[in-house]
Amino acid sequence: MKPLGTWRTYDGEREFVTPRVLATQEVQEVVGQYRQAAVNAKYAGFDGVEFLAAGRYLPTQFSNAAINRRDDHYGGSVHNRVRFSAEVIEALVSVWGGGSVGIKVSHGLNFDHPADPDPQETCLCLLEAIKPYGIAYLHRMEQVDMPVDGVEKSLVSPIDQQLVRAAFDGAYLANGNYDQPLAAQKIASGEADAIVFGRLMISNPDLPARFRSGEALSQADPATFYEGGARGYVDYPTHGREP
């Protein structure tokens with residue numbers, strides 16, 4: 001197939017081509033790969049696994065109506081489109097049990113892929129499909145900062161959080177530009193059971209201690225994101241110490 005362009009990787013620019021559609025029987029092979037990954041994680045001593053159903057990755061390519069063009073039982077209706085994710089969750093739970101499995105979603109945040117025409121319907125249908133497996137938590141990206149035409153802008157999910165919480169029985173983990181006061185407020189109000197920090201945790205390896213002491217926080221350097229190597233990931237100092 002003819003290359004469509006290049007993609008930046010740890011090893012430099014690489015050409016990529018238009019991916020082909022998985023045959024129906026191949027989908028089960030991929031579900032089996034997720035199951036094997038769960039087995040490997042357990043063997044390695046992990047405490048649990050999180051299914052990444054956010055961003056532009058394969059689960060989104062199935063669930064998003066603007067991307068999925070399949071004509072088998074993994075395409076068409078929203079129930080068909082979330083089937084792949086539900087089957088993966090079933091596979092993970094078969095290895096770990098529901099109490100050690102979580103899922104991460106980002107419905108409504110179209111920062112690197114075409115917009116789902118009804119992200120709330122997709123999200124709620126997915127949560128209904130995985131409800132029988134009793135997984136531990138839902139990790140939801142509520143907003144994200146992304147560069148648009150050279151300017152960083154904040155994208156906010158339009159999904160009704162109350163509907164999401166009502167549709168899921170486990171713990172709700174909120175993610176998206178939280179600072180300590182806002183995180184504390186969110187938990188105190190019962191809107192979330194825990195807050196997930198990304199950039200602040202990267203730039204502050206001792207983030208919990210800084211929250212407790214009130215010490216100043218270091219800001220992450222976006223220029224180092226996705227560049228490969230240690231710079232900008234494991235070289236931030238703890239408070240009062242050099243890296």
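**Strand 4 and its setting**

Author: In this predicted model, buried residues make up 37% of the 243 residues in the chain. The chain holds nine helices and nine strands. Its radius of gyration is 19 Å, close to the 18 Å given by the globule rule for 243 residues, so the chain is as compact as a globular protein of that length. The C-alpha trace spans about 60 × 45 × 40 Å along its principal axes. Of the contacts between residues at least 6 apart in sequence, 60% join residues at least 24 apart.

Within this setting, strand 4 comprises residues 101-105 and is mostly covered, with five of its five residues buried. Val 101, Ile 103 and Val 105 point one way from strand 4, whereas Gly 102 and Lys 104 point the other way. Residues of both groups are buried.

Strand 4 is paired with strand 3 and with strand 5. Strand 3, residues 49-53, runs parallel to strand 4 and is joined to it by five bridges; here Val 101 of strand 4 is the bridge partner of Val 49. Strand 5, residues 137-141, also runs parallel to strand 4, and four bridges join the two. In that pairing, Gly 102 has Tyr 137 of strand 5 as its bridge partner.

How values were computed:
Residues numbered from 1 in each chain as written. Predicted model: local features only at pLDDT ≥ 70, side-chain atom pairs only at ≥ 80, totals over all residues. Heavy atoms only, no water. Rg over C-alpha atoms; globule rule 2.2 N^0.38 Å. Buried < 20%, exposed > 50% of the residue type's maximum accessible area, 1.4 Å probe, protein only. Contact = heavy atoms within 4.5 Å. Pairing = 2+ DSSP bridges.
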